[in-house]
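Here is a short tour of one model, written for reading beside the coordinates. Have the viewer open and follow along.

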Amino acid sequence: MNKNFIKIILNDGVVTVATQTFNLFLIWYFAVKLHRQDMVALLGMLQIIEIGGGPIGGAVADMVNPAKILKWVSLIRICVTGILLFSLFQTRINGIILLLLIFSTLNSLISVFYSSAVEVSTYKFAKNESERVKNNAGFSAVSGISSILSGSLLAVMITYLDLKSSTILIIFLIILSAIGILNISTAKNVIPDVINNSDVNFKFNEAVSSTFKGLRNILHEPIIQTVIPYALIMNFLYWTFWYIQPLYLNYKIPNIKYAFSLQQIVISVASVIATLVIQRKHTLVMNYKGHYRLLLLIQSGALFLLSLLYAFINSEKILITGLICFWALYSLFNSFTGIILITLLQEKIDNKILGTTLGTIFTLLMVTAPLAAIASKTVPIKSISLIILTGLMVVSLLYSLTDKRFLEVLHDD
């Protein structure tokens, strides 16, 4: 792999650990320490900035040297981190909350361009198809490891550090990553730069036009009409369930402070394991595409059983064991069903609108997270709430088994 690309993904891994951990820590802090589920909802709603701005960030990354974007964003991120640093000197809790929310908002804005530039780098820093595969594999590996490290760091912060110490640690990681990005070369012999502006404007307008045409076509695709409504319901219920976990776990397992961070570690580790299995046994996974709904039912059933365990068992050892087992089962099957869905879309959708289709679907699915964050404010933090949410997931999938349209979209004939 290109040396500069290695620098990009490694430093991206560092900033991912920092920002992802801090966001999770804030969710835990607002819920457990301040008992402000409304702040948790607001913090989750801020995700919509990254989701809505994704297409814009992607368009800019297509037109501009991604290494230059990363450098500019890193400089801006250093400035934005000043807000985070300033929050350490506040004594009023309202002032601290305001500054933390401002930091999260600005970080979401600049992440729109940063994330797109990193993703585009996977193929712009490659000379051939072989290098693209290696770059994608390297990026996926670093992302998976970053998620595991994020969960581990979250456990340390929750268990041993207060808000001020945690903030100092995050500031250090963000600045460390920014310095590493600033050392990347942007020379044209390293990565091709953008062509002249007139061509850029023309291509951008053409891209916008084709996007809207693609959107109209997407609405008539059978697989979109069949699968996506269920996926939207499932995602909304899942994220609502997830957003009340910090406060619920603190209520249910008060003596194990790291329960929420352990949950995130289990999800990440199981996902990495699933990715490795899929790479080695990809044909085996796709042989089960006809049973896509049953696989979804298994992963949702895992969370339903976990909810029942929370409701009727009080032993913390049993609850922690159940948390590990059922979240691992959920994450494993979630990875399988995710790969199956992407592959089905690639098989069924015309290549001319595949990019627009995937972008639109991912945007729709991701929008459910901030909406669920808002909804979580109204959900009682009780065991029955978890049972209802996961029960609805199971009921939705049981109903999908009666939907005859799946026979067409899940089979080749």
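## Around Ala18

Leaving out residues up to four places away in sequence, Ala18 touches Ile170, Leu173 and Ile174, where contact means heavy atoms within 4.5 Å. Ala18 sits in helix H1 (residues 3-33); helices are DSSP runs of H or I with at least four residues, numbered from the N terminus. With 0% relative accessibility, Ala18 counts as buried (under 20% relative accessible area, 1.4 Å probe, protein chains only). Ser146 is 128 residues from Ala18 in sequence, yet their C-alpha atoms are 9.2 Å apart.

## About the model

This is a predicted model, in which local features need pLDDT of at least 70, side-chain atom pairs count only at pLDDT 80 or more, and totals for chains, interfaces and linings use all residues. Residues are numbered from 1 along each chain as its sequence is written, and side-chain values use heavy atoms, with hydrogens and water left out.

## Helices H13 and H16

Now look at H13 (residues 292-312) and H16 (residues 383-400): their axes come within 9 Å and cross at roughly 160°. The axes are lines fitted to C-alpha atoms over the stretch in contact, with angles from 0 to 180 degrees between N-to-C directions. The two helices are therefore roughly antiparallel (angles over 145 degrees).

Among the residues making this contact are Leu303 and Tyr310 of H13 and Met393 of H16.

Tyr238, setting aside neighbours within four places in sequence, is in contact with Ile267, Leu303, Trp327, Tyr330 and Met393.

Notes
Angles under 35 degrees count as roughly parallel, over 145 as roughly antiparallel, 65 to 115 as roughly perpendicular and the rest as oblique. Buried means under 20% relative accessible area, exposed over 50%, partly exposed in between (1.4 Å probe, protein chains only).
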